[in-house]
Amino acid sequence: MFSAIARVFKTPDLRRKIWFTIAIIAIYRIGAFIPAPGVDYSAVQQCLALGTTEGGLYSFVNMFSGGALLQVSIFALGIMPYITAAIIVQLLRVVIPRFENLQREGPQGQAKLTQYTRYLTIALATLNATTLVTTARTGTLLGCDIPITTSDALPVILLMILALVTGVALIMWLGEQITERGVGNGMSILIFVSIAAGFPGAMGEIWTTQGWRTFGMVLLIGLVTITAVVFVEQSQRRVPVQYAKRQVGRRTVGGTSTYIPIKVNMAGVIPVIFASSVLMLPSVLAQFNQPGPGEEPSWLIEFVQTYFVGGAHPLYMATFFLMTIFFTYFYVTITFNPNEVAENMRKFGGFIPGIRAGKPTESYLAYVISRITFPGALYLGLIALIPLIAFVLIGANQNFPFGGTSILIMVGVGLTTVKQINAQMEQRNYEGLLR
């Protein structure tokens, strides 16, 4: 392993890309601890020391910001506005024909969609920044009575919102710089760093509060989970495709065999994010509809607080599991179009052995997708439940390191980045990073 790493740093071009990526990551992590203008940093630390934010409403978003959200820093919104915007633009391809046409135009159309994603990111960042500043001023964000803002004047509030939106734009630019001049996909790398930044604190808390036996059990669970995730993420169903020979001028083309790789987990981590976001809505409604002094809470608020706040109730877990399965099928249906794949195969003279071209090919691909998506959906649902089960068994918070969204993202980004480094090594040295 060490010799492979040494070979990476002996390649000048690759070494320069890796150091550039590390420098961008360092800038990103420094920005996570620079307080936004108008924020009292000492008051924020006092509120965090009270421990009232564990498992709260913003814990999920705080994980994607690398802890910057609850620090109320200039990077408090993190990468979440960009993730949301990218998902929305991808879903709009099904609804708006213009977006679908841009997707088919190649690099030029992709650049246009990227520009739309940037605009939508800034709009969502403005909305999120306004909400964050409002909750910070009222004390709802950190759940304590200590004021964390230095002033309620309108210019100070507008300056805070501007700083948070500018932070999102800067993060987006840093991610694009990694993609162009560094190693791997920039946005994915920043998400990976944000999640990994919380691991030492989470593991240290388990060691301190639960003891070394629980700590060892968590490490064992982590190794098993990572092994299972790597195995499933690499698993695929290869549908064979044969291309007939064609005469183009004096040349004979075609006659080759290939395959369509259909991954077991085609949806990635998106269904877990969708399910988590939807189940977060009842908590929002309950939080902003609290009864006044001397008033009795309504039955709906009591129901939400009993079953859908905290994530420890079996009804919440069952709902989360079923919604993850539903969103897995929903997202795969949107992203993989059997009709389009079958039509492209027919245009280039391709066919699946034993299956006629056209409608039978489309039906066969739809059948394969439905069969392969079912175990993938069950896998996502079980992985997503790991932190909730740990919350009940060992009293960990909902940011339990080994499980759910964090492991899926980290393993996926890690595998993709290693493959890219390996491909660049093979181009230069005939010997890759992996043997």
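In this predicted model, a search of the whole structure turns up one cavity of 30 Å³ or more. The space inside the largest cavity comes to about 30 Å³. Sorted by class, the lining of the largest cavity holds five nonpolar and four polar residues, while charged residues are absent.

Which residues of H15 are buried? They are Tyr-316, Met-317, Phe-320, Phe-321, Met-323, Thr-324, Ile-325, Phe-327, Thr-328, Tyr-331 and Val-332.

The next feature to explore is the largest pocket, with a volume of about 1,400 Å³. Its lining is made up of 47 residues, and those nearest the centre of the pocket are Ala-86, Gln-90, Asn-185, Ser-188 and Ile-270. Several helices give two or more residues to this lining: helix H6 (80-95), helix H8 (107-138), H9, H10, helix H12 (212-234), helix H13 (270-287) and helix H18 (404-429). The largest share comes from H18, which provides nine residues. By class, the lining of the pocket has 20 nonpolar and 20 polar residues, together with seven charged ones.

Two of the helices that line the pocket, H9 and H10, also pack against each other. Two packed helices are described by the angle between their axes and the distance between the axes. For helix H9 (residues 154-181) and helix H10 (residues 186-196), the angle is about 115 degrees and the axes lie 7 Å apart. Where do H9 and H10 meet? On the H9 side, the residues in contact are Ile-171, Met-172, Gly-175, Glu-176, Ile-178 and Thr-179. On the H10 side, their partners are Gly-186, Met-187, Ile-189 and Leu-190. Together, the residues of this contact divide into six nonpolar, three polar and one charged.

Conventions. Residues numbered from 1 in each chain as written. Predicted model: local features only at pLDDT ≥ 70, side-chain atom pairs only at ≥ 80, totals over all residues. Heavy atoms only, no water. 1 Å grid on protein atoms, 1.4 Å probe; cavity = no way out; pocket = protein on both sides within 12 Å on 5 of 7 lines; lining within 4 Å. Points joined across faces, edges and corners; volume = space filled by probe spheres on them. Nonpolar A, V, L, I, M, F, W, Y, C, P; charged D, E, K, R; others polar. Buried < 20%, exposed > 50% of the residue type's maximum accessible area, 1.4 Å probe, protein only. Helix = DSSP H or I, 4+ residues; strand = E, 2+ residues; numbered from the N terminus. Axes fitted to C-alpha atoms, helices over the stretch in contact; angles between N-to-C directions. Contact = heavy atoms within 4.5 Å.
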